[in-house]
Amino acid sequence: ALLLASLRRRRRASGRPVLAPRCAAVEAGAAPLIVVVGLGGVGSHAAQLLLRGGVVRLRLVDFDQVTLSSLNRHATATRADVGLAKALALRAALLAIRPGAEIDARVSLFNAAAAAELLGGPVALVIDAIDDIATKAELQVHCFRAGLPLLSALGAGGKADCGCLHVAPLADVLGDPVASSVGKLVRAAEPAGGDWWRSLDQRG
C-alpha cells in the first residue's frame, strides 16, 4: 500500500497518475536517494529492480545475514554469500551490475532510536520491506512525522494471482490482516488519537 501524503489529491488536481512527490534532492536535479528497509524476498528484489531501472543511489538497511533457507527468496544471494550480512552481499551484487552506482549498505536493525540516522538526508522514497509488524509500524510512524514518502509491502505474500495486487493509500486497504495489525500500532502512537492513515490525504 502506498503511503503518500497527497497522492490522491494531486492525481485529482492534475488528472495524471502521480507516483511520488518530489523531494528537495529531486527538485535540485540531484540523483534521488531511495532507502530500502528489509532485504529479504521483497526488499532484495525491489533494490535490484530499482537499480536496473536506472536508480543509481540506494541505501540498503538490514541487520540479518544470508542463510541457506533464504536463498530461494533472495534476488541475488548465492551459497557463497551464506553467513554474510544481507546488506553487504546485496551491495556487492548490485555494484557488479552497475559499478558506478552509489550503494550505501547499513548492517543495522531498524528501530525508532536508529530511524533518524538510517533515514537521514534528502530521501526521495522509503521502501518498507520489513516482515515484523511492530517494526513496520515504527517505520511508518517515523516517515509520517518526517514527511518521507513511503511504499509499504503488506499482505501480498503467498498469493497466487499477481493481477490482484493493488497499490493504494493505506487508509483504503481492506481485508489485509497485516495492514490491520500495523494500523492499530500506528494509531496508538498518535498522541491526539487521530486517524493518521486517513489524514495523509489532507497533507500536501
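Colleague: Hi! Which residues of H3 are buried?

Modeller: In H3, Gly43, Ser44, Ala46, Ala47, Gln48, Leu50 and Leu51 are buried. Buried is under 20% relative accessible area, exposed is over 50% and partly exposed is in between, with a 1.4 Å probe and protein chains only. Bear in mind that this is a predicted model, where local features need pLDDT of at least 70, side-chain atom pairs count only at pLDDT 80 or more, and totals for chains, interfaces and linings use all residues. Residues are numbered from 1 along each chain as its sequence is written, and side-chain values use heavy atoms, with hydrogens and water left out.

Colleague: Thanks. How many of the 10 residues of H3 is that, and what covers the buried ones?

Modeller: 7 of the 10 are buried, so H3 is mostly covered. The cover includes strands S2 (33–37), S3, S4 (102–106) and S5, along with helix H4. Helices (H or I, at least four residues) and strands (E, at least two) are DSSP runs, numbered from the N terminus.

Colleague: At what angle do the axes of H3 and H4 cross?

Modeller: Roughly 20 degrees, and the axes of H3 (residues 43–52) and H4 (residues 86–97) come within 10 Å. That makes H3 roughly parallel to H4. Angles under 35 degrees count as roughly parallel, over 145 as roughly antiparallel, 65 to 115 as roughly perpendicular and the rest as oblique. The axes are lines fitted to C-alpha atoms, for helices over the stretch in contact, with angles from 0 to 180 degrees between N-to-C directions.

Colleague: And which residues make that contact?

Modeller: Ser44, Ala47, Gln48, Leu51 and Arg52 on the H3 side, and Leu90, Leu94 and Ile97 on the H4 side. Contact here means heavy atoms within 4.5 Å.

Colleague: What comes just after H3?

Modeller: Gly54, which takes a positive phi of about 115 degrees. Val55 sits in the loop between H3 and strand S3 (57–61).

Colleague: Is Val55 buried or exposed?

Modeller: Val55 is buried, at 16% relative accessible area. Leaving aside neighbours within four places in sequence, Val55 is in contact with Pro32, Ile34 and Leu50. Val55 and Glu102 are 47 residues apart in sequence, with 9.4 Å between their C-alpha atoms.

Colleague: New topic: where does Asp128 lie?

Modeller: In strand S5, residues 123–128. Asp128 has a relative accessible area of 0%, so it counts as buried.

Colleague: What does the side chain of Asp128 make a polar contact with?

Modeller: With the side chain of Ser152, at 2.6 Å. A polar contact is a pair of N or O atoms within 3.5 Å; within protein, one must be able to donate a hydrogen and the other to accept it, and residues adjacent in sequence count only if both atoms are side-chain atoms. Not counting residues up to four places away in sequence, Asp128 also touches others, among them Val37, Lys136, Leu139 and Gln140.

Colleague: So where is Lys136, and is it buried or exposed?

Modeller: Lys136 lies in helix H6 (residues 133–146), and at 2% relative accessibility it counts as buried. Beyond four places in sequence, the contacts of Lys136 include Asp128, Ser152, Val178 and Val182.

Colleague: Last one: how many helices and strands are in the chain?

Modeller: 8 helices and 6 strands, running β-α-α-β-α-β-α-β-α-β-α-β-α-α from the N terminus on. Buried residues make up 43% of the 204 residues. Among contacts between residues at least 6 apart in sequence, 64% join residues at least 24 apart.
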